[in-house]
Amino acid sequence: MAPPLSSISRPFSSPITNPNLNFTHRYTLPLRTQTLRFTSNSSSSSSPPQPPPPPPDPIPEKKSFAVATGDLLLGLAARLISRSSKKSSNGVAMFENRSGTKSEYEERIGAVVEDEIQPDVVWEQRIKDVKAERERRVVTSPGFSFSAAGLLFPYHLGVAKFLIEHSYIKETTPLAGASAGAIVCAVIASGASMKEALEATKLLAEDCRSRGTAFRLGAVLREVLEKFLPDDVHIRCNGRVRVAVTQVFWRPRGLLVDQFDSKDDLINAVFTSSFIPGYLAPRPVTVFRNRLCIDGGLTLFMPPTSASQTVRVCAFPATRLGFEGIGISPDCNPENRAGPRELFNWALEPAEDYILDRLFDLGYQDAAVWAKDNPVEKLVEDERLG
């Protein structure tokens with residue numbers, strides 16, 4: 001069982017409330033420039049009219065450090081994805097060591113997974129992770145993959161609450177996620193309440209609103225995960241939860257990890273999956289299992305699960321961002337929603353508590369809309385392995 005929420009100390013006690021939430025995106029129109037004309041009695045009426053002055057240069061939009069960092073990383077992600085290769089790398093060691101011990105053998109690549117939505121994106125798995133998946137004799141299809149979302153993961157929590165309540169997600173359902181999506185997968189597998197996870201999210205957001213986000217979000221996130229997740233969470237996740245990380249040396253490539261040696265190892269995995277360079281901590285990369293890594297969402301937002309079918313969950317309006325093959329997203333219920341830019345701001349800078357509540361509710365509602373076209377009795381089935 002997950003420890004009670006009361007065990008997580010609240011750093012600040014003043015609640016933030018604002019019931020007047022309007023999620024409709026607003027656009028600020030530029031002020032109309034006025035041209036003053038002066039006339040002189042001595043001027044000739046036959047003089048040609050003077051051309052109007054050129055319009056002033058637009059005032060550049062001010063961006064916070066968080067938003068500027070996010071824009072930079074989106075460009076980097078696009079480049080990484082475009083450079084991905086279909087070349088098979090079976091048997092390639094993740095770090096070169098020829099001694100040939102059993103532990104080093106299990107660290108070698110055991111499978112290459114081609115993404116069904118973006119075939120040019122390839123994910124690699126260690127032999128150890130492949131074995132962990134094969135040890136699960138019963139797998140419930142479809143699996144669910146949760147996108148990178150930053151601080152928007154209350155949306156994912158709302159989706160998960162509906163899917164669990166209506167038996168789309170069971171204990172045998174494979175999960176996968178990158179960045180915030182990986183955190184949500186760990187929370188689901190832990191058996192914790194999604195409402196309690198939402199309250200823990202508010203504690204994290206409250207801390208960041210008061211003390212800042214950049215360079216310290218990682219430390220706050222790690223503390224919340226250590227207090228919220230149960231001690232056996234790694235056992236519950238083994239072979240079931242795929243966590244996506246991006247290895248940057250020698251070449252950028254996505255790695256799927258679903259074998260965890262301890263609770264700390266799992267937390268390190270989801271921390272690495274969420275590591276936006278220079279944002280979670282004041283350094284460009286993090287070290288995970290002797291490898292230099294960064295955010296898993298930079299190579300793919302939604303990694304595939306181990307089930308024969310995967311339903312993708314995206315916290316952003318998928319069609320407006322050019323994503324295809326997405327099951328649950330704000331596109332399911334597009335009326336009266338925030339725009340992509342506003343969502344992106346909230347993903348990098350913590351929103352107020354009432355917005356986090358609203359995101360949770362919208363995730364639940366979008367999952368309900370999706371479920372109408374995908375009834376559980378026709379979609380969910382058990383697959384026996386081995």
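Student: What makes Thr299 count as buried or exposed?

Tutor: Thr299 has a relative accessible area of 5%. Buried means under 20%, exposed means over 50%, and partly exposed is in between, with a 1.4 Å probe and protein chains only. Because its value is 5%, Thr299 is buried. Keep in mind that this is a predicted model, where local features need pLDDT of at least 70, side-chain atom pairs count only at pLDDT 80 or more, and totals for chains, interfaces and linings use all residues. Residues are numbered from 1 along each chain as its sequence is written, and side-chain values use heavy atoms, with hydrogens and water left out.

Student: Where is Thr299 found?

Tutor: Look in the loop between strand E9 (291-295) and strand E10 (310-313). Helices (H or I, at least four residues) and strands (E, at least two) are DSSP runs, numbered from the N terminus. The protein has 12 helices and 11 strands.

Student: With which side chain does the side chain of Thr299 make a polar contact, and what makes it one?

Tutor: The partner is the side chain of Thr246, at 2.9 Å. A polar contact is a pair of N or O atoms within 3.5 Å; within protein, one must be able to donate a hydrogen and the other to accept it, and residues adjacent in sequence count only if both atoms are side-chain atoms. A polar atom of the Thr299 side chain also lies 3.2 Å from the backbone oxygen of Gly296.

Student: Why is the pair of Phe162 and Tyr168 called stacked?

Tutor: Rings of Phe, Tyr and Trp (its six-membered ring) pair if their centres lie within 6.5 Å; planes under 30 degrees apart count as stacked, over 60 as edge-to-face and the rest as tilted. The centres of Phe162 and Tyr168 are 6.4 Å apart and their planes are at 25 degrees, so the pair is stacked. Both residues are buried. Ring pairs also link Phe144, Phe162, Tyr168, Tyr364 and Trp370 into a cluster.

Student: Which residues have the most contacts inside the largest nonpolar core?

Tutor: They are Phe144, Phe146, Leu152, Leu163, Tyr168 and Trp370, in a core of 87 residues. Helix H5 (residues 180-190) gives the most to this core, with nine residues. A nonpolar core is a set of buried Ala, Val, Leu, Ile, Met, Phe, Trp, Tyr and Cys residues joined through side-chain atoms within 4.5 Å.

Student: How do you know whether Arg289 and Asn290 are buried or exposed?

Tutor: Use the cut-offs again. Arg289 has a relative accessible area of 17%, so Arg289 is buried. Asn290 has 67%, so Asn290 counts as exposed. Arg289 is in the loop between strand E8 (286-288) and E9, and Asn290 lies in the loop between E8 and E9. Arg289 has a positive phi of about 50 degrees although it is not a glycine, and phi of Asn290 is near 65 degrees, also a positive value. Most residues other than glycine have a negative phi.

Student: Why is Arg216 called partly exposed?

Tutor: Its relative accessible area is 21%, so Arg216 falls in the partly exposed class. Arg216 is found in the loop between helix H6 (194-211) and helix H7 (217-228).

Student: What separates the C-alpha atoms of Arg216 and Tyr279?

Tutor: They are separated by 7.5 Å, although the two residues are 63 residues apart along the chain.
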